[in-house]
Amino acid sequence: MLVTNPCRINHEQLRILARNAKGNIDKLYLHWTGCAYGQVFDAYHINIDEHGEIYLTCNTLSDRKEHTWHRNSRAIGITLCCAKGAVLNYHWQPVYSGYPPTELQVEQMAIVVAILCRELELEISFSTVKTHAEAALLDGYGPGQNDPDMRWDLLMLSGLPETRALRPGGELLRKKALAYSEKMLIAQLVKHSEDVQQPELLAA
């Protein structure tokens, strides 16, 4: 269902939400809405819009949402608001009709994954973070599996800003999320070292 006036949140608010859900979440599933920019849906916990805006569509991240077939328990659904009219060509490459995933959306999704995994104490790996395309391929309704309800969200993504070449979306997003998580750890360690008071030198 389309959400009017969704609640926009920032990274610090997301951290607090994730801390409150710690112990209740095992998996993250990454989607797109298949609709236009600016359209936020309540089937997902988090919607990310065209310019990287983050919208919350739940009371807590532990709320059960219907985002991924047979995989909604103890899981968070994160989606990009994009891909209206997108189709797959014969080479399994996406063809967009004016609403492709933007670079800001992809980067923000990777940051969101990094924040959630750090606060929930989940590793960033295929076992914990999957695109809907990856989940669908495992469960028999992905590309080439002849299911009328086929899903291929984020199957392939541009490697921007490094390259325009298409890469498997799940691999790209996990790689970016790992890089952001490492930056967050470094920033946290630096802040901690600055906050520690240096002991006074003893007189000789």
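Reply: Helix 1 covers residues 11-21, and its buried residues are Leu14, Leu17, Ala18 and Ala21. Buried means under 20% relative accessible area, exposed means over 50%, and partly exposed lies in between, with a 1.4 Å probe and protein chains only. Helices are DSSP runs of H or I with at least four residues, strands are runs of E with at least two, and both are numbered from the N terminus.

The model is predicted: local features need pLDDT of at least 70 and side-chain atom pairs count only at pLDDT 80 or more, while totals for chains, interfaces and linings use all residues. Residues are numbered from 1 along each chain as its sequence is written, and side-chain values use heavy atoms, with hydrogens and water left out.

Seen down the axis of helix 1, the buried residues fall within an arc of 100°, so they line one face of the helix; the arc is that of the directions from the helix axis to the C-beta atoms. An α-helix has 3.6 residues a turn, so residues three or four places apart point the same way. The buried residues of helix 1 pack against strand 2 (7-9), strand 5 (46-48), strand 6 (54-56) and helix 2 (103-120), where contact means heavy atoms within 4.5 Å.

At the start of helix 1, a side-chain oxygen of asparagine 10 comes to within 3.2 Å of the backbone nitrogen of glutamate 12. Just after the helix, glycine 23 has a positive phi of about 95°.

Now the core. The largest nonpolar core has 46 residues, and Leu28, Ile46, Leu61, Ile78, Leu116 and Leu120 have the most contacts inside it. Such a core is a set of buried Ala, Val, Leu, Ile, Met, Phe, Trp, Tyr and Cys residues joined through side-chain atoms within 4.5 Å. Among the elements that give two or more residues to this core are helix 1, strand 3 (27-32) and strand 7 (75-80). Helix 2 gives the largest share, 11 residues.

Leucine 28 touches residues including Ile76, Ile78, Leu116 and Leu120, not counting residues up to four places away in sequence. Strand 3 runs parallel to strand 7, joined by 6 bridges; two strands pair if DSSP finds at least two bridges between them. Tryptophan 32 has leucine 80 of strand 7 as its bridge partner. Strand 3 also pairs in the parallel sense with strand 10 (residues 129-131), over 3 bridges, and there tyrosine 29 has lysine 130 as its bridge partner.

Technical notes: A polar contact is a pair of N or O atoms within 3.5 Å; within protein, one must be able to donate a hydrogen and the other to accept it, and residues adjacent in sequence count only if both atoms are side-chain atoms.
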